[in-house]
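Here are some notes to read alongside the model. Please keep the sequence and the 3D view open while going through them.

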Amino acid sequence: MLLLAITFAGPYLPFVDRELTKITYILNEDKKPVIPPYPPSEEYIFGTDKSGRDLLSLIILGAKETILLVACITGLRYTLAIPLSFLAHKKWMGTHLFLKWLNGLLSYIPTIIIVMLLAMLPPFLLTEHRPLFLLLIIGLAEMPRAAEMIKLEFDQISSKEYIYGGIAAGASPYRLFRTYYLPFLFSKLLVYMVTDLGKVMFLLGQLGFVGIFISQDLVQSMGGDWQLVNNSISWPMMLMKAFEDIRGPIWIPFFPAFAMTCAILTFNIFAQGLKSFFTKKVRYI
Amino acid sequence: MYIFHFFLRGEAMLYSILKSAAVFLLILIGFILILLLPREQEITVFSAFHVEADYPFSFELYKERIQDFTVYIVTEKGLGDARSGRPVSEESAIFVKRSIKIILPAFMVSMLLGTLMGALQFYRRKKFSGKLQNFLSWLFSSIPDFFLFIAIQYLLILLMQQGLPYFKLYGHENWYSFLLPLISLSVFPFLHMSRFTSAALENEMGEEYVRTTYAKGLGDFKALLHMLWNCWSPILNQAQLVMLYILSSLPIIEKLAGYNGAGKELLFSITSNDEIKALSLMLPFLFIMFITIILSQIAKFWLMPKGRA
């Protein structure tokens, strides 16, 4: 019963989040002479970070940026994965072999290692469009897995009778895709995508610990060295100093990680809700 | 006739192992090629106040680096010496040994206990306790491991302030230091296995042989055993995924815990552009993945009835 309640409330949860963002639109920037990282107290429920900013407002303000990033990456991933999976399903020019090889590579090497290796490459480090490239890298890193899943769905659907009907009626491949496959894939795709939102959030969190973020600027320091400087307030960024903070003001990494956990939970509840919604529709009972 | 059959199966097994080995080699080469992409900066000093750093990136440089790398491997007959003077492989072995202490138990717990837990959950699926377990495992599998780790740390710190006896939460020196990373690392794969097993068993519910089992007068428990035996293939397929998950999360958790294992060193060597060291630490990981795949294949041939493998 509890699960059912959460399932139906699930779709509304993300909007609850968003409303909260608008209400508390104040950043508490008060720097007292006392040492800045304050532990959680009545005044600051979540405590403050090292420059004395209230963590709660920081997290709420960062939510918009973080969720936008996650949504962008997932959207990018699926806009690439859907055509690729269709081509792989059609076995067009060895796409299926390529996809298989990519998946093999990914099933051996952790995604985070690949993203780390690629994100630190000079061409991506030096361009002005670094955020864009990083979005692309993170999106691409897990794309083959998504494509493989969708390909399996394609394989399954294409063995159904009405597809033969479509072919017999002389539909072009595009039309076949648009009107014969997509309507049936749509519900599954939506569930996959929402589930992936949670996974992307997890990956961004991991990357945050390593110190790789989407919105970073490269600044030349005094020694002629290039350094990455962060100027965003998204959640993964707050985890960057976690290795130092965890030995002292542990609440600084704790609450952003907590916020991420809540977001992941919300996405998963949403996905579960969508899944039960769609399966109910098909069953007619 | 039986021996002939066995021989055929052995041949099929050998073939699939050889195929996996070839895939492993291809992936190893792919990884080295990614690792060798030029990423070092070149600093040109014009004067005391004018220093420019540049990252040259061209195909010629890439080719040169690949050549250098092969020459290095051939002349050193291995990975060569680290900056400390000891062979790189020897140094990495220390880190890898520490990490194995976490990886192996985490894998065992996830695969064995996870499957057992899944069977139990399926067995009690209609009771309240089973439903509660289902809900809880779903809830906890949504929690990322790094948060779990930080939360446990925070809780322990708060408890210690309230009077819990003090013990060291960080580092790798104490005999118990591997426990905290181990716990936070195994929760997700354990729950994943448990949920997967229970789902796989539910798929088998409508099969004819289950009815036959009951028709023979055997009880629920025997039926469950029959079903479990038919689920080995999908369950063993998960071994690779579980291992990959453990290895992906290991570096972060090790770094958070201050546990000086191979994962933490790997992160460090990648950020400091030390390719040889990164390779020497990544090789064991890749090899562990390979062994997992091979073992799960062999186990499948062993456990599965003929014709279904």
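1. Residues 67–89 of chain A are 100% helix and 0% strand, and their end C-alpha atoms lie 32 Å apart. Helices here are DSSP runs of H or I with at least four residues, strands are runs of E with at least two, and both are numbered from the N terminus. An unreviewed UniProt entry annotates this span as "transmembrane region", along with residues 101–125 and 250–271 of chain A. Such annotations may be inferred rather than shown by experiment; positions follow the numbering used here, and feature names are shortened. Residues 250–271 of chain A are 95% helix and 0% strand, with end C-alpha atoms 32 Å apart.

2. A word on the source: this is a predicted model, in which local features need pLDDT of at least 70 and side-chain atom pairs count only at pLDDT 80 or more, while totals for chains, interfaces and linings use all residues. Residues are numbered from 1 along each chain as its sequence is written, and chains are lettered from A and ligands numbered from 1 in the order in which they are written.

3. Chain A has 13 helices and two strands. Of its 285 residues, 36% are buried, meaning that 20 or more other C-beta atoms, placed from the backbone, lie within 10 Å of the residue's own.

4. In chain B, helix H9 covers residues 232–257. Because 21 of the 26 residues of H9(B) are buried, the helix is largely enclosed by the rest of the structure.

5. Where does H9(B) bend? The bend is at Leu250(B), by about 40 degrees, and Pro251(B) follows within four residues. This bend is the angle between axes fitted to the seven residues ending there and the seven starting there. Just after H9(B), Gly258(B) has a positive phi of about 65 degrees.

6. H9(B) packs with helix H10(B), residues 262–271, at an angle of about 95 degrees, the axes being 7 Å apart. The two helices are therefore roughly perpendicular, a label for angles of 65 to 115 degrees. Leu250(B) and Pro251(B) are among the H9(B) residues that meet H10(B), where the partners include Gly263(B) and Leu267(B).

7. Ser280(B) is in helix H11(B), residues 275–303. Ser280(B) is buried, with 27 other C-beta atoms within 10 Å. Ser280(B) and Ser92(B) are 188 residues apart in sequence, but 6.6 Å apart in space, C-alpha to C-alpha.

Technical notes
A residue is buried if 20 or more other C-beta atoms lie within 10 Å of its own, exposed if 12 or fewer, and partly exposed in between; C-beta atoms are placed from the backbone. The expected span of a helix is 1.5 Å times one less than its number of residues. Axes are lines fitted to C-alpha atoms, for helices over the stretch in contact, and angles run from 0 to 180 degrees between N-to-C directions. Angles under 35 degrees count as roughly parallel, over 145 as roughly antiparallel, 65 to 115 as roughly perpendicular and the rest as oblique. Two residues are in contact if their C-beta atoms, placed from the backbone, lie within 7 Å.
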